[in-house]
Each structure stands twice: as C-alpha cells, then as structure tokens.
Amino acid sequence: MKEMFLLKYGEIALKGANRASFESVLMKNIRRRLADLGEFTVMKSQSTIAVIPQNGDPDLDEAYDRLSKVFGISAMSRSAVVEKSFESICAGLPYLDGALARAGTFKVSAKRSDKTFPLGSPEISARIGHELLKRHPHLKVDVHHPDVEVWVEVRDRAAYLHAGQQPGAGGIPVGTGGRAALLLSGGIDSPVAGYMMAKRGVQIMAVHFASPPYTSERALLKVKELCRRMTAYTGRVKLAVVGFTEIQQEIGLHCPEDYFTLIMRRFMMEIASRIAAENECGALVTGESLGQVASQTMKALACTDDASSLPVLRPVIGMDKEEIVAIARRIDTFETSILPYEDCCTVFTPRHPKTKPNLEAVIKAERNLDREALIQRALEQAEYLRITYDTDFAEE
C-alpha cells in the first residue's frame with residue numbers, strides 16, 4: 001500500500017495575493033530537508049501539500065520527523081493513498097490497524113473535496129465506521145472524545161486514510177521574512193532566539209565571538225554543534241567566527257572596569273552589524289532577556305543598541321529562564337548549551353558592572369581605544385563556515 005504525508009498550513013492561508021509565494025518557499029524547504037532521503041514528489045493539493053515518496057525505500061520515520069520541524073506546516077499526517085472508490089477505501093482499512101488496536105474508542109471524520117464522489121461526507125463516515133467496527137469488535141464509537149479519530153479525505157487525485165493529525169512546527173516558511181544575523185554565544189538563550197525568529201520566516205546566519213586562549217577549541221566546537229542542531233529548524237546556517245581576544249585585552253587595559261561588559265557588547269554589536277550588512281541581513285538577533293544579567297537592563301540595552309546600525313530583534317526579551325529552557329529542551333539545544341566550556345562573555349567580567357549606565361560616559365570611556373582599527377582587524381580575520389544538519393564535527 002502506498003504511503004505519503006499530508007501537510008496542512010495555517011497562517012499561509014491568510015496571505016491573500018502573496019499566498020502562492022509563501023507556498024512556493026515552503027515546498028522548496030520541504031524538498032531540501034528530504035533531499036538526501038530519496039525521491040519525493042511535493043505538490044499542492046487543495047490547501048494541503050502532499051509529499052509522496054517515489055523510488056526506492058526511503059526512511060519514512062526520519063522523513064516524518066524532519067517534516068515536523070519545517071516552519072509553515074501547522075498540522076501533518078501520515079496517510080495511505082487509495083483509489084477514489086468505496087471499495088478501495090475499505091481495502092485500505094488495514095493501514096489503520098496499528099492505531100486502532102491500541103484504542104478503546106474511535107470516530108470517523110470524512111472530507112469530500114471531490115464533489116463528484118457518489119457518497120457525501122456523513123455517509124462516508126457512517127459506512128467506514130461500520131466497516132471498522134466489524135474489523136475491530138473491541139472498539140466503541142465516541143464522537144466527542146475518541147481515543148483515535150480516523151480521517152477519510154476524498155480529494156481531486158485520490159482518497160487518503162489516516163488516524164488523525166499531529167501538530168506541525170507552525171510559523172511561516174524560513175526565507176519569507178528576510179535575513180538576520182544571530183549573535184550566538186554558546187549559552188542557552190541565543191539558540192532559542194534563533195529558533196523563534198526562524199519560525200517567523202527569517203533566514204538565520206550566526207556570528208560568534210571567540211577569545212583564544214581564554215576560550216577553548218571545545219567552546220568553539222560547542223557553538224558549531226549548536227548551529228548544526230538549529231539547522232533542523234532553520235535550514236543551513238552560515239557561521240562567522242570573529243576573533244575577539246585583542247579587543248577584550250584592550251578594553252581590560254584602557255577602560256574602567258565597571259564598563260567592561262557594556263563596551264565589549266558595543267563592539268560585538270557594531271562588528272555583527274557590519275557582517276550582517278555584508279551578508280544582506282536586515283537585522284541582528286540576540287538572546288537577551290530583560291533584567292537577566294547586568295548588561296540586560298533597559299539602560300544597558302539602549303547603550304548597546306546605539307552601536308548597531310541595524311534593528312536589534314530580541315524574541316526572548318520578556319521570557320523568564322524556565323520558559324527559555326523549556327524551548328531549548330524541545331529543540332534539542334539545551335544539553336549542548338550547558339556543556340562547561342566558557343564563551344568570551346564570561347571573560348573579563350567586572351566585579352561591579354554598571355546596571356544604569358550613561359551612554360555619554362560609555363562613549364567617553366571608549367575614546368581610550370583605537371576603535372576602528374580594532375574592528376577592522378577583527379573583520380579581516382573573521383572565518384566563515386557553512387553548516388548543515390549532516391555536518392560532522394566529531395573529528396575536530
């Protein structure tokens with residue numbers, strides 16, 4: 001029996017005249033995610049996207065898992081494909097045996113998009129329900145709270161059988177919301193911020209600041225692995241690794257200690273802005289949460305934003321740590337984020353950082369530095385990597 005996936009989208013349906021372009025990007029993203037699993041036909045079918053395996057024996061469990069992480073899909077089901085006749089639909093009922101064997105109650109819902117089909121939706125539901133009761137005498141009908149909801153969808157090309165839908169990743173397709181550069185520290189918050197912006201259709205690149213020998217190769221490997229895990233949702237990620245040691249040393253030698261973190265963050269914002277502009281990004285993304293640390297107060301954020309030439313998006317700004325950790329666990333970045341390898345934000349941490357800084361005082365403190373020369377050297381020495389989900393860092 002032929003098996004395929006039915007993918008339904010929610011928000012895309014509201015895009016009016018732009019809907020077709022959103023659908024096109026979503027189908028391109030689906031094809032890209034499944035490309036190495038085999039040949040799949042991806043096509044629109046009456047407000048649903050059908051994904052049909054073709055040649056060979058692709059891993060459908062892996063395909064289903066990957067599709068569950070593609071933004072733009074609100075609901076999905078794994079379905080049997082049968083011809084559009086009542087007899088063929090009945091012949092396909094064994095496909096549902098596994099789901100129904102574990103259930104005590106069920107209901108049948110039918111959707112007849114092809115109005116030439118001789119049976120209406122209520123009649124399809126009643127007759128298929130009768131056939132299933134004969135096949136599974138232990139079942140009882142419960143139309144309000146069934147253990148399993150069986151669906152029969154009669155569409156333009158075929159009929160489809162499945163045992164209910166599972167939620168998809170939601171959001172809108174990556175690539176429909178522009179590009180942005182994520183400041184990726186290696187902690188818990190920034191991968192979550194990248195995930196949340198990708199859910200709004202933003203194509204993410206990442207900028208990481210490394211400070212060898214104060215930060216180790218393992219710390220950099222950790223960041224690469226976080227990028228790899230993010231690609232399950234964001235698609236491929238371009239990572240810029242910026243050497244930050246000289247800048248931090250100069251700040252430590254020439255600036256007041258209580259301004260260390262703020263001045264460091266301002267350098268990061270300006271460098272990331274320039275990298276972002278060179279890569280056609282329209283914004284920066286950070287994982288800052290209001291009040292979480294001294295550099296994330298309103299006045300501190302205003303000081304760091306002043307150094308950016310681009311808008312700064314902070315999707316977790318109003319979330320507490322527990323909320324952020326819950327998302328990190330769900331997207332499988334948490335265990336990597338808590339590996340005990342320090343990032344450069346923990347180097348040269350002041351004992352008493354300013355929580356209510358004055359911007360003019362911060363800028364005055366920076367005048368002790370050759371700011372532009374430091375930025376130019378950092379940009380010239382930046383390294384770039386392209387990371388996909390199958391990138392292997394095990395040998396590094």
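Modeller: Helices (H or I, at least four residues) and strands (E, at least two) are DSSP runs, numbered from the N terminus. Glycine 287 lies in the loop between strand S13 (284-285) and helix H10 (298-305). The model is predicted, so local features need pLDDT of at least 70 and side-chain atom pairs count only at pLDDT 80 or more, while totals for chains, interfaces and linings use all residues. Residues are numbered from 1 along each chain as its sequence is written, and side-chain values use heavy atoms, with hydrogens and water left out.

Biologist: Is glycine 287 buried or exposed?

Modeller: Buried means under 20% relative accessible area, exposed over 50%, and partly exposed in between (1.4 Å probe, protein chains only). Glycine 287 is buried, at 11%. Contact means heavy atoms within 4.5 Å; not counting residues up to four places away in sequence, glycine 287 touches Asp189, Ser190, Ala193 and Val316.

Biologist: How are two packed helices described?

Modeller: They are described by the angle between their axes and the distance between the axes. Axes are lines fitted to C-alpha atoms, for helices over the stretch in contact, and angles run from 0 to 180 degrees between N-to-C directions. Here the axes of H6 (residues 189-199) and H7 (residues 217-234) come within 10 Å and cross at roughly 20°. Angles under 35 degrees count as roughly parallel, over 145 as roughly antiparallel, 65 to 115 as roughly perpendicular and the rest as oblique. H6 and H7 are therefore roughly parallel to each other.

Biologist: Which residues of H6 and H7 make the contact?

Modeller: H6 contributes Pro191, Gly194, Tyr195 and Ala198, and H7 contributes Leu226, Met230, Tyr233 and Thr234.
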